[in-house]
Structure formats: C-alpha cells, structure tokens
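Hi,

Here is the structure I said I would pass on. Have a look at it first, and my notes follow below.

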Amino acid sequence: MRQIRLLPLVALMVTLMFVVSCGRGGYSEKPPIHPNPNMDSQDKLKAQSEHTFFPDGASMRTPVEGTVARGELREDDAYYRGKDAAGNFLNKAPIEFTEEILARGKARYDIYCSACHGVNADGKGKILDYNYPVPPANFHEERIMKLSDGHMFNAVTNGRLNMPSLKAQVSVEDRWAIIGYIRSIQKK
Ligand code: HEC
C-alpha cells in the first residue's frame, strides 16, 4: 500500500528534475534574471563600436581639430624630435645617460632592436635567418658610429629606408635610453 502512495511523488520529482536540467543546459539569447540590478548594466557605447547617433556612424569621437590633450603638448623639439630650434638633428641627446638609464636602454635594446641589429649590435640579428631584404645597420661600422644622436632618434621614431618605425612600441624616454646604450657599447 505504502509503495503505491509514493508513486505520484516519485513521478513528480522525476518531472521536476527533467524540467530543471533542461533549463540549466539550454541556451538563451535573453539576459539572465537579475533581481537587484544596482548599476550593473548601463547604457554605454563600447570602444570601436558602431552607433547611429553620430553622422559618421562611429561611437568613438576624434578630438576637435587643434586641441591638445593635457600632458600631450610635446613642444620640446629636442626631446620629442631630436632636433634643435633650426630643425637640425642634435649631435648629443638632450638627456644625461646615468647608469640606470643605460641599464634600461640595454633591456629595451635587447627587446626591440636585437632581433634585427644583433645582441652585439653588429647587424647580425636573428632576422637574417628569415631572408630580410637588407642587412640591418652594424653599429660598429664607421658610417653608423658617426650618425648624430638626433639622427638615430629619428630613425627609431620614423623608421629609415628598410627599417620600420618603432614609435608605437618604444616610448620617447626609452628611445633615448637605447641610444645611450648603443653609444656606450660603440665606445667599447
Ligand atoms: C625589423 C628589423 C629592425 C628593427 C627591429 C630595428 N632596426 Fe634599425 N635598421 C634596420 C635595417 C634593415 C636598417 C638599414 C636600413 C637600410 O639601409 O635600408 C636599420 C638601420 C638603423 C639605423 C641606421 C639609420 C641610418 O640612417 O643609416 C639605426 C640608427 C637603427 N637602425 C637603429 C635601431 C634601433 C635603435 C632599433 C631598436 C629600437 C632598431 N634600429 C630596430 C632594421 C631594424
């Protein structure tokens, strides 16, 4: 007798398990139920996304022409471009090469330049194994040793003939540090 009364209960449990498991494994396009939203979801435009609000259809805005962001003025030609007031390349870097800066320069050189210019700065980097069209400069060669600091800074900033620009990867501060490091090993 007892067993018969249990039967509807077991059936109900099995049905419930079935319903619950379907719900968990299923896929839904709808957001999950979120009883207390606080400010978790807000209307916003995501970077690089499309939006119809602006005529160009982009959600990201470019700065108004002629505006300069705070701290981005970069007026100092010597520091930011390696040039003097007349637009000529500086012979000497506009910073002091301390031990600390040279160590930083070595680390950055090994990361950003050695693949092409070689760890010993002899122009025999790993890239030569991959058919690079022109050999990278050898920093111990007479012509390269005579280049001014400003010229070298410009080569890293804007690229030079077959060398790509590295301004996106290497900060202004680090570009000068690298030049200091190259100078220090050229002397040796
Ligand atoms: C992808 C390879 C590559 C990387 C990375 C690279 N260089 Fe070069 N670099 C070259 C090549 C190739 C040349 C020779 C360009 C030519 O003659 O066409 C060169 C030339 C130069 C020159 C001589 C420019 C001139 O006027 O003759 C300097 C200075 C220089 N590189 C500095 C650097 C420094 C500093 C770094 C690291 C921040 C660096 N390069 C990273 C490939 C590279």
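**What I found**

Helices α6 and α7 cross in a right-handed way. Keep in mind that this is a predicted model. On the α6 side, the contact is made by D149, G150, M152, F153, V156 and T157, and on the α7 side by V172, R175, W176, I179, I182 and R183. Sorted by class, that contact of α6 with α7 has seven nonpolar, two polar and three charged residues. As for the geometry, α6 (residues 149–158) and α7 (residues 172–187) pack at an angle of about 125°, and their axes are 10 Å apart. That angle makes α6 oblique to α7.

Helix α7 also packs with α3 (residues 99–112), here at an angle of about 95° and with the axes 7 Å apart. So α3 is roughly perpendicular to α7, since anything from 65 to 115 degrees counts as that. From α3, the residues in contact are I101, L102, R104, G105, K106, R108 and Y109; α7 brings D174, A177, I178, G180, Y181, I182 and S184. This contact of α3 with α7 divides into seven nonpolar, three polar and four charged residues.

Now for the metal. Which protein residues are donors of the iron atom of the ligand? They are H117, through NE2, and M163, through SD, lying 1.9 to 2.1 Å from the iron. H117 sits in helix α4 (residues 114–117) and M163 in the loop between α6 and α7, so the pair ties together parts that are 46 residues apart in sequence.

Cheers

Key. Residues numbered from 1 in each chain as written. Predicted model: local features only at pLDDT ≥ 70, side-chain atom pairs only at ≥ 80, totals over all residues. Heavy atoms only, no water. Axes fitted to C-alpha atoms, helices over the stretch in contact; angles between N-to-C directions. Helix = DSSP H or I, 4+ residues; strand = E, 2+ residues; numbered from the N terminus. Parallel < 35°, antiparallel > 145°, perpendicular 65-115°, else oblique. Left-handed = near helix turned anticlockwise from the far one by under 90°. Contact = heavy atoms within 4.5 Å. Nonpolar A, V, L, I, M, F, W, Y, C, P; charged D, E, K, R; others polar. Donors = N, O, S within 2.8 Å, 3.2 Å for Na, K, Ca; no water.
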